[in-house]
Amino acid sequence: MNDEQLLRYARHIMLPDIDIDGQEKLLAATVLIIGMGGLGSPVSLYLAASGIGHLTLVDFDEVDLSNLQRQVVHRTASIGQSKVESASQLLQEINPETRIRALDERLTLERLAEEVSQADVVVDCTDNFEARFAINDACLLAGKPLVSGAAVRMEGQLMVVDPRLPQSACYRCLYADAPEIEINCAETGIAAPVVGTIGTLQAMEVLKLIAGFGEPLVGYLLTYDARYTDWRKLKLPKNPGCPACGEQQA
Ligand SMILES: [Zn+2]
């Protein structure tokens, strides 16, 4: 690390859990962030500022006026621009050292597998079950840790899937099938700081997984109800009959 990096990351380096070693791991890491909306905004802002060396951003959408209430990586001047381009600009201003790949595309399963295989950690910031299941399955197949967050109305949830650990439950252990009615914030609304809270927790789990301190939220589901400031950390056992990670899967 050069002198400028020692100064930029000084508040991390003074933490015994991170130190120079941990910061160097962050600088060497590649993180794939899928979805540059309400969750992807805080995730990418904190990961770029924290010194993650390589960020791959994926989204096929453009910035819309109704996004700006919570998608804090985009600005009013970016309306109509692709979300990955809009986000890249702000992230590079925050940390010019971060190498950013901006993928303005809807990933096919094949492309998803390619991108997951190149990442050290995958962060699911999407807003639909189809994408969440596909990302879960790709991470299990590639043996890559996944930090999954979700938020709707005044509620949020967080879990970490680490296929390298035998006790790790996966997203399909939690939801066997996609519900018939998809709940998303376009129909139900979302309180802005709730996505900020969950996204910030996702970024923290990424740092833990890469720098290797503490205990990532594997085998648990964290839920947050903002109305009552109610936090719950529930044990999430692995489902032996899970179609993705269960015993049938060799
Ligand atoms: Zn499972």
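**Group meeting: a walk through one predicted chain**

I will start with Ser88, which lies in helix 5, the helix of residues 83–94. Before going on, please keep in mind that this is a predicted model. Is Ser88 buried or exposed? Its relative accessibility is 10%, and buried means under 20%, so Ser88 counts as buried. Leaving aside residues up to four places away in sequence, Ser88 touches Leu57, Ile100 and Ala102. Another serine to look at is Ser44, 44 residues from Ser88 along the chain. The C-alpha atoms of Ser88 and Ser44 are separated by 9.2 Å.

Now a serine in a strand. Ser148 sits in strand 5, which covers residues 146–152. Ser148 has a relative accessibility of 4%, so it counts as buried too. Which residues does Ser148 touch, if those up to four places away in sequence are not counted? They are Asp124, Arg132, Gln157, Leu158, Met159, Tyr171 and Gln202.

Next, helix 3. This helix runs over residues 19–28, and its buried residues are Gly22, Gln23, Leu26 and Leu27. Why do these four belong to the same side of helix 3? They span an arc of only 140° around the axis, and that places them on one side. As background, an α-helix has 3.6 residues a turn, so residues three or four places apart point the same way. On the other side of helix 3 we find Asp21 and Ala28, both exposed. The cover over the buried residues of helix 3 includes helix 1 (3–8), helix 2 (10–13) and helix 4 (40–50). It also includes strand 2 (54–58) and helix 10 (192–211).

Now let me step back to the whole chain. The protein chain has 10 helices and eight strands. Of its 250 residues, 50% count as buried. How does the radius of gyration of the protein chain sit with a compact globule of 250 residues, and what is its value? Such a globule would have a radius near 18 Å, and the chain has 17 Å, which agrees. Taken along the principal axes, the C-alpha atoms fill a box of roughly 50 × 40 × 40 Å.

On contacts, take those with a separation of 6 or more: 62% of them are accounted for by residues 24 or more positions apart. The accessible surface comes to about 12200 Å², and carbon and sulfur atoms hold 53% of that.

Methods. Residues numbered from 1 in each chain as written. Predicted model: local features only at pLDDT ≥ 70, side-chain atom pairs only at ≥ 80, totals over all residues. Heavy atoms only, no water. Helix = DSSP H or I, 4+ residues; strand = E, 2+ residues; numbered from the N terminus. Rg over C-alpha atoms; globule rule 2.2 N^0.38 Å. Buried < 20%, exposed > 50% of the residue type's maximum accessible area, 1.4 Å probe, protein only. Contact = heavy atoms within 4.5 Å. Areas by Shrake-Rupley, 256 points an atom, 1.4 Å probe, with all protein chains shown as cover. Arc of directions from axis to C-beta.
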